[in-house]
Amino acid sequence: MKNYKVTNDYELMLMMAFRYALGRQTYVVPFIVENILANWDVFSDARKSQFKREINEHKEMFGNLGHNMDEAEWNKILNK
């Protein structure tokens with residue numbers, strides 16, 4: 001995975017992709033998670049917490065994070 005330089009635009013794009021894919025059972029979930037984790041160390045603590053909070057809120061609200069394979073991917077972020 002190419003580690004893109006996190007700029008405000010790239011971070012915003014990742015956040016939009018994350019919100020689009022969360023719970024949608026789409027093939028892009030692994031790609032989005034991989035990109036988030038590849039740049040994890042450059043995100044602010046607030047952004048990291050936001051990713052985790054939104055994953056947990058979605059699971060609480062809907063009871064799942066998509067297919068089992070999607071849930072396994074989102075759990076990679078929760079386990080960071």
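Which residues of the largest nonpolar core touch the most other members? Of its 17 residues, these are F18, I36, F51, I55, W74 and I77. A nonpolar core here is a set of buried Ala, Val, Leu, Ile, Met, Phe, Trp, Tyr and Cys residues joined through side-chain atoms within 4.5 Å. Buried stands for under 20% relative accessible area, exposed for over 50%, and partly exposed for what lies in between, with a 1.4 Å probe and protein chains only. Helices α1, α2, α3 and α4 each supply at least two residues of this core, and the largest share, 5 residues, comes from α1. Helices are DSSP runs of H or I with at least four residues, strands are runs of E with at least two, and both are numbered from the N terminus. In soluble globular proteins, nonpolar side chains tend to be buried together.

The model is predicted, so local features need pLDDT of at least 70 and side-chain atom pairs count only at pLDDT 80 or more, while totals for chains, interfaces and linings use all residues. Residues are numbered from 1 along each chain as its sequence is written, and side-chain values use heavy atoms, leaving out hydrogens and water.

Helix α2 spans residues 29-38, and its buried residues are V29, I32, V33, N35 and I36. Seen down the helix axis, they fall within an arc of 160°, so they line one face of α2; the arc is taken from the directions from the axis to the C-beta atoms. These residues pack against α1 (8-21), α3 (45-62) and α4 (68-78). Leaving aside residues up to four places away in sequence, I77 is in contact (heavy atoms within 4.5 Å) with V33, I36, L37, W40, F51, K52 and I55.

The next topic is the aromatic rings. Rings of Phe, Tyr and Trp (its six-membered ring) pair if their centres lie within 6.5 Å; planes under 30 degrees apart are stacked, over 60 edge-to-face, and the rest tilted. The count comes to 4 aromatic pairs. In one of them, the centres of F18 and W74 are 5.4 Å apart and the planes are at 85°, so this pair is edge-to-face. The pair links distant parts of the chain, with F18 in α1 and W74 in α4, 56 residues apart. F18 is buried at 0% relative accessibility, and W74 is buried with a relative accessible area of 0%. Ring pairs link F18, W40, F43, F51 and W74 into a cluster.

Helix α4 also holds E71, which is buried with a relative accessible area of 16%. A polar contact of 2.5 Å joins its side chain to that of K59.

Terms used: A polar contact is a pair of N or O atoms within 3.5 Å; within protein, one must be able to donate a hydrogen and the other to accept it, and residues adjacent in sequence count only if both atoms are side-chain atoms.
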